[in-house]
Amino acid sequence: MPKYSNSNYTTISLKYCYEELQKFYPQMTKTEFAVIINATRQNIGQRINRDSKLSKQELSILKEYLEDRGIPTKFLNVAVVNDSIVQIPVRTEVELSCGTGTNANADFVSDTIGLDINFIRSFGGNPKTVSVVFARGDSMADRIESGDALIVDESKTYINSGKVYAFVYDSELFCKQLNITKDGITAISFNKDYEPFEIDKTKQFAVVGQVISAMKRI
């Protein structure tokens, strides 16, 4: 795979973007794709076949194109570097409360980190739908400590009772174990100093994703 030292290029695969866009427009040709990103039509096929990278200008144009049509741009945060490494979005400005809650801002992406695809899959995660956020507080100690980097699979929004989830509740972000009961949903902390609480059905509640792993700082 070609390596780019030119700072004008991203790490995002042109072929990957084209294939993702075809999920929304199955009949889209490579020439039509070139027009969308304002690329040279004569060599777009070669660039895709070589798995060349998207330039920063092309990325900006593609994002604007998707946003104008209401198409999710989330796939642009995931860039496959080679057959085993994927660049995962890191939300450094987002903290999951292992305590009493933090302001919800789960869409902010400020960096990426390369993780092994098989490592992600070993925890049952999908490499295309995971992100990294950070824990704050001690309510999930000793399994999750404040400052731990948490891998969240944002495709896993269906609650599997007993698993740990990142979720928005009453406009705040939390990291808790969620248990399904006959009366509803209970949020449980691993630290016994924190009492479980019931999710009030009258308040805003949305699962961001399942926390599949915690990476500790040493």
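What you see is a predicted model, where local features need pLDDT of at least 70 and side-chain atom pairs count only at pLDDT 80 or more, while totals for chains, interfaces and linings use all residues. Residues are numbered from 1 along each chain as its sequence is written, and side-chain values use heavy atoms, with hydrogens and water left out.

I start with the second largest pocket. Rolling a probe the size of a water molecule over the atoms shows where empty space is left. Here that is done on a 1 Å grid over the protein atoms alone: a pocket is an open set of points where a 1.4 Å probe fits, with protein on both sides within 12 Å along at least five of seven lines, and lining residues have an atom within 4 Å of a point. Points are joined across faces, edges and corners, and the volume is the space filled by probe spheres set on them. For the second largest pocket that comes to about 220 Å³.

What lines it? There are 13 lining residues, and Arg143, Val164, Val211, Ile212 and Ser213 lie nearest the centre. Strand 9 (163–169) and strand 13 (205–215) are the elements that give two or more residues to this lining; helices (H or I, at least four residues) and strands (E, at least two) are DSSP runs, numbered from the N terminus. Strand 13 gives the most, with five residues. By type, the lining has seven nonpolar, four polar and two charged residues.

Next, salt bridges. The term means a side-chain nitrogen of Lys or Arg within 4 Å of a carboxyl oxygen of Asp or Glu. The structure holds four of them.

One joins Asp148 to Lys216, with the closest N and O atoms 2.9 Å apart. This pair links distant parts of the chain, 68 residues apart: Asp148 sits in the loop between strand 7 (130–136) and strand 8 (149–153), and Lys216 in the segment after strand 13. Buried means under 20% relative accessible area, exposed over 50%, and partly exposed in between (1.4 Å probe, protein chains only). Asp148 counts as buried because its relative accessibility is 3%, whereas Lys216, at 45%, is partly exposed.

Another salt bridge pairs Arg47 with Glu58, at 2.8 Å, N to O. Arg47 is in helix 3 (residues 44–49) and Glu58 in helix 4 (residues 56–68), eleven residues apart. Both Arg47 and Glu58 are buried.

Then there is Glu20 with Lys23, at 2.9 Å, N to O. Is Glu20 buried or exposed? Its relative accessibility is 8%, so Glu20 counts as buried. Lys23, at 57%, counts as exposed. Glu20, Lys23 and Lys128 are linked in a network of salt bridges.

Glu20 takes us to helix 1 (residues 14–22), where Leu14, Tyr16, Cys17, Tyr18, Glu20 and Leu21 are buried. Their cover includes strand 1 (9–13), helix 2 (30–36), helix 3, strand 2 (53–55) and helix 4.

Last, Lys15, which is also found in helix 1. It is partly exposed, with a relative accessible area of 37%. Leaving aside neighbours within four places in sequence, Lys15 is in contact (heavy atoms within 4.5 Å) with Ile48 and Asp51. Lys15 and Lys53 are 38 residues apart in sequence, yet 8.2 Å apart in space, C-alpha to C-alpha.

Definitions and conventions: Ala, Val, Leu, Ile, Met, Phe, Trp, Tyr, Cys and Pro count as nonpolar, Asp, Glu, Lys and Arg as charged, and the others, Gly among them, as polar.
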